[in-house]
Amino acid sequence: MTGRFLIVGEVLTDIVVDTAGVRREHPGGSPMNVAVALGRLSHQVHLLTQIGDDDRGALARSHVEQSHVELTPGSVVPGPTSTALATLDATGAATYEFDLAWDPDPSGLPEAVDAVHTSSIAAVLNPGAATVGRTLRRYRETATISYDPNARPTLMGEPAQVRELIEANIALSDVVKASDEDIAWLYGTDDVEDAAAAWLEHGPALAVLTRGASGAVAFSASGRVQVAPASVDAVDTVGAGDTFSAGILDALAAKQLLGAQHREQLATLPADEIATVLQRAAHLAAITVSRAGANPPWSHELT
């Protein structure tokens, strides 16, 4: 079952520096990675973003279009494309430094979609964060809302500066996915599971916590559900969390649980069904981890 998606958020040029100091450039950005992953899984995907009309922007446009993602009409603007300098450590994990402009033009958005997803910097960095919030509220009456806080301390500043806005986005959402590192940073706690479970009190039907080598945990009205990570020889973790977010949406689409009309069904989804959603997401993310950069799998690669 394919779905209709609107993804809202930044497109960047990732400048990746490996442990040998070798620099490589490729299109990136958490929301863009989600859009690309869904497009490669044969879903209908629109992306509201802000891309410059420079050479880097041309590469980014080509990248998303080749993955069957359609940019909304106001997404290409005069000027340079934003960048993220990602430095990899010996484990393949990345730390980021950003040069980002974010003030998207929401003209020409699709009339109807099954789900809207946003994540990371786009949802908290003004002036564009206000546009993101208005977009989520616009579609909430008809669509499933998905959100990944995806903390970027370099741009977000101190947790107290963004916590209220992040929690406001959570309150608008049906599905929230975060990593244990995100929650530890946001709340200054080691009790990351309790913090994720508490998000249900704000309104989401499903709160998902990814824990790296420990797999993933979900919280819902059905209780706590944990799945093991997929076994993989990791190259790097760039784009893994974004692919996991796309995998959740892909699995919910397959179960015909997207759209506001299915909100009650999503809220009462049995634990075994939630486990299959997490397993699908983990499988897709493992493929991304197995190769360099944010390179989500295509549908023809899956078995």
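My entries follow, topic by topic, and the model they describe is predicted.

I started with the largest pocket, whose volume is about 1,300 Å³. It has 50 lining residues, and Ser 179, Glu 181, Thr 237, Ala 240 and Gly 241 are the closest to its centre. I then checked which elements give two or more residues to this lining: among them are β2 (12-17), α1 (30-40), α6 (180-187), α8 (240-254) and α10 (271-289). By class, the lining holds 24 nonpolar, 15 polar and eleven charged residues.

Next I took the second largest pocket, with about 160 Å³ of space. Its lining includes Val 16, Asp 18, Arg 24, His 26 and Asp 236. Here I noted six nonpolar, two polar and three charged residues.

**Helix α8**

I compared the length of α8 with expectation. At 1.5 Å a residue, its 15 residues should span 21 Å, and the end C-alpha atoms are 21 Å apart, so the two agree. I also looked at burial: 13 of the 15 residues of α8 are buried. After α8 comes Gln 256, with a positive phi near 55°.

**Trp 298**

I found Trp 298 in the segment after α10. Is Trp 298 buried or partly exposed? Its relative accessible area is 24%, so Trp 298 is partly exposed; buried would need under 20%. Leaving out residues up to four places away in sequence, Trp 298 touches Arg 40, Gln 66, Ser 67, His 68 and Arg 291. I also logged Ser 42, which is 256 residues from Trp 298 in sequence but 8.2 Å away in space, C-alpha to C-alpha.

**Salt bridges**

I counted twelve salt bridges in the structure.

- Arg 56 pairs with Glu 25, with the closest N and O atoms 2.7 Å apart. Arg 56 is in helix α2 and Glu 25 in strand β3, so the pair ties together parts 31 residues apart in sequence. Arg 56 is partly exposed at 30% relative accessibility, and Glu 25 is partly exposed at 44%.
- Arg 140 meets Asp 174 at 3.5 Å, N to O. Both sit in loops, Arg 140 between α3 and β11 and Asp 174 between α5 and β12, so this pair ties together parts 34 residues apart. Arg 140 is partly exposed at 23%, whereas Asp 174 is buried at 3%.
- Arg 291, a contact of Trp 298, bridges to Glu 301 at 2.8 Å between the closest N and O atoms. Both partners lie in the segment after α10, ten residues apart.

My last entry is a network: salt bridges with shared partners join Asp 180, Glu 193, Arg 211 and Arg 224.

Terms used
Residues numbered from 1 in each chain as written. Predicted model: local features only at pLDDT ≥ 70, side-chain atom pairs only at ≥ 80, totals over all residues. Heavy atoms only, no water. 1 Å grid on protein atoms, 1.4 Å probe; cavity = no way out; pocket = protein on both sides within 12 Å on 5 of 7 lines; lining within 4 Å. Points joined across faces, edges and corners; volume = space filled by probe spheres on them. Helix = DSSP H or I, 4+ residues; strand = E, 2+ residues; numbered from the N terminus. Nonpolar A, V, L, I, M, F, W, Y, C, P; charged D, E, K, R; others polar. Buried < 20%, exposed > 50% of the residue type's maximum accessible area, 1.4 Å probe, protein only. Contact = heavy atoms within 4.5 Å. Expected span 1.5 Å × (residues − 1). Salt bridge = Lys/Arg side-chain N within 4 Å of Asp/Glu carboxyl O.
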